[in-house]
Amino acid sequence: MSLKKCCLIASLTLFSFIGAAQEGLPIYADYLTDNYYLIHPSMAGVANCAKVRLTARAQWFGQDEAPNLQTLSVNGRIGDSPSAVGAIVYNDANGYHSQTGAYLTYAHHLMFSRNEIDLNMLSFGLSAGFIQYRLDQSEFFDDGPDPLIIEQQISASNFNVDFGFSYHLINFYAHATVKNVLNNDGINVNEQGLSFDNLRTYLFSAGNTFSKYNSDYSFEPSIMFMYRDATEEASFDINMKVYKEMDFGNIWGGMSYRRSLDGAEFVQGSGEVSSQKLQYITPFIGVDYNNFVFAYTYSYQANSIVFNNGGFHQITLGYNFNCRREKYECNCPAIN
């Protein structure tokens, strides 16, 4: 049986009740591959180089119509000014549902230190996005029509904005972002007109980089907390990233652990009702070679009840350009 058939009920549930498929760009662990701008607009132009990042994510190899995601982002300073711009385009497909979106970002960076040697910077960012949603109901059933479902393609579009700030103090950083600030009209999927208009998601990230004097290694523990306003769902990431300085750049890698704070109930074969909380274990590895970036990410869902035992594979390709000299005396990979 194809994944389309298996995801029919799930697709209707998402559109009718929780609206998660409409939230815009999905939030995975790709921000850890030198790509914080994907989730925090205030990170546009924060580095001493302008950045281009291309990601491709595929899930459940061997399944028809399995989830897949592609993103392309670019961001950088406007000349030598404290202002920056960025853009993101993406395509996200999952069974019957797909969405295509584009965001434009403006960010501004305020320096509080007396000079540019000691990093002390507050950044603000605002992204405006346009998203096109599509739900293909034309192939829902092989045994005849259903009176409650229109067997055709349904599409809708939404406009929304993300707003956030970042703070960098030498080796420490913190980010806070509100995604989908505006209320939107939901997508009606049946005669009941069920819809969802509150897509706000709150993100908070923080971390610090540690290293010994004259050591080629540095360590970056970090956390990320995510909360969806309407459904009151929450999850957190605990991350550890390790860098090794090389003559050509850096080799880095690490591990991320994501856990949901909300459980889902299911019925076992014995009839007993159990619950489990979503858990992801994500190792990743990457290399900075001169101005080029390559990274690979693998996510494994560590739950007893899963759709497929296969993992989630992602490739990140990047290029840095218009680089300035490293101005700050800090161990701050996102900046220098």
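A disulfide is counted here when two cysteine sulfur atoms lie within 2.5 Å of each other. I start there since the cysteines come first today.

Before that, the ground rules. This is a predicted model, in which local features need pLDDT of at least 70 and side-chain atom pairs count only at pLDDT 80 or more, while totals for chains, interfaces and linings use all residues. Residues are numbered from 1 along each chain as its sequence is written, and side-chain values use heavy atoms, with hydrogens and water left out.

So, the cysteines. The structure has 2 disulfides. In the one between Cys330 and Cys332 the sulfurs are 1.9 Å apart. The angle about that S-S bond is 40 degrees, and the link is right-handed. Both Cys330 and Cys332 are buried, where buried means under 20% relative accessible area, exposed means over 50%, and partly exposed is in between, using a 1.4 Å probe and protein chains only.

The other disulfide joins Cys49 to Cys323, again with 1.9 Å from S to S. This pair links distant parts of the chain, 274 residues apart: Cys49 is in the loop between helix H2 (8-18) and strand E1 (50-59), and Cys323 is in the segment after E14. Helices (H or I, at least four residues) and strands (E, at least two) are DSSP runs, numbered from the N terminus. The torsion about the S-S bond of Cys49 and Cys323 is about 120 degrees, so this disulfide is right-handed. Cys49 has 11% relative accessibility and so counts as buried; Cys323, at 37%, counts as partly exposed. With the bonded cysteines numbered in sequence order, the pairing reads 1-2, 3-4.

Next, the chain as a whole. Its secondary structure comes to 2 helices and 14 strands. Of its 336 residues, 46% count as buried. The chain exposes about 16,300 Å², and carbon and sulfur atoms supply 58% of that; the areas come from the Shrake-Rupley method with a 1.4 Å probe, and for residues only the protein chains shown count as cover. If you take contacts between residues at least 6 apart in sequence, 57% join residues at least 24 apart. Contact means heavy atoms within 4.5 Å.

Now the salt bridges. How many does a search of the whole structure find? There are 6, each being a side-chain nitrogen of Lys or Arg within 4 Å of a carboxyl oxygen of Asp or Glu.

Take Asp34 and Lys51, whose closest N and O atoms are 2.8 Å apart. Asp34 sits in the loop between H2 and E1 and Lys51 in strand E1, so the bridge ties together parts 17 residues apart in sequence. Lys51 counts as buried, at 12% relative accessibility. Asp34 and Lys51 also belong to a network of salt bridges with Arg53.

Arg200 and Asp229 form another, with closest N and O atoms 3.6 Å apart. Here Arg200 is in the loop between strand E7 (172-179) and strand E8 (201-208), and Asp229 is in the loop between strand E9 (217-228) and strand E10 (233-245), so the pair ties together parts 29 residues apart in sequence. Arg200 counts as buried at 19%, and Asp229 as partly exposed at 24%.

Then Lys244 and Asp216, at 4.0 Å from N to O. Lys244 is in strand E10 and Asp216 in the loop between E8 and E9, 28 residues apart. Both residues are partly exposed: Lys244 has a relative accessible area of 22% and Asp216 one of 38%.

On to the strands. E13 (residues 292-301) has a covered face made of Val293, Ala295, Thr297, Ser299 and Gln301, and an uncovered face made of Phe292, Phe294, Tyr296, Tyr298 and Tyr300. Strand E13 pairs with E14 (residues 312-321) in the antiparallel sense over 8 bridges; two strands pair if DSSP finds at least two bridges between them. Within this pairing, Phe292 stands opposite Tyr319 in E14.

Tyr298, on the uncovered face, is partly exposed with a relative accessible area of 24%. Its C-alpha is 6.3 Å from that of Phe284, which is 14 residues away in sequence.

Last, Gly129, in strand E5 (residues 120-136). Is Gly129 buried or exposed? It is buried, with a relative accessible area of 3%. Beyond its neighbours within four places in sequence, Gly129 contacts Ala102, Tyr103, Asn158, Phe159 and Asn160. Gly24 is 105 residues from Gly129 in sequence, and the two are 8.8 Å apart, C-alpha to C-alpha.
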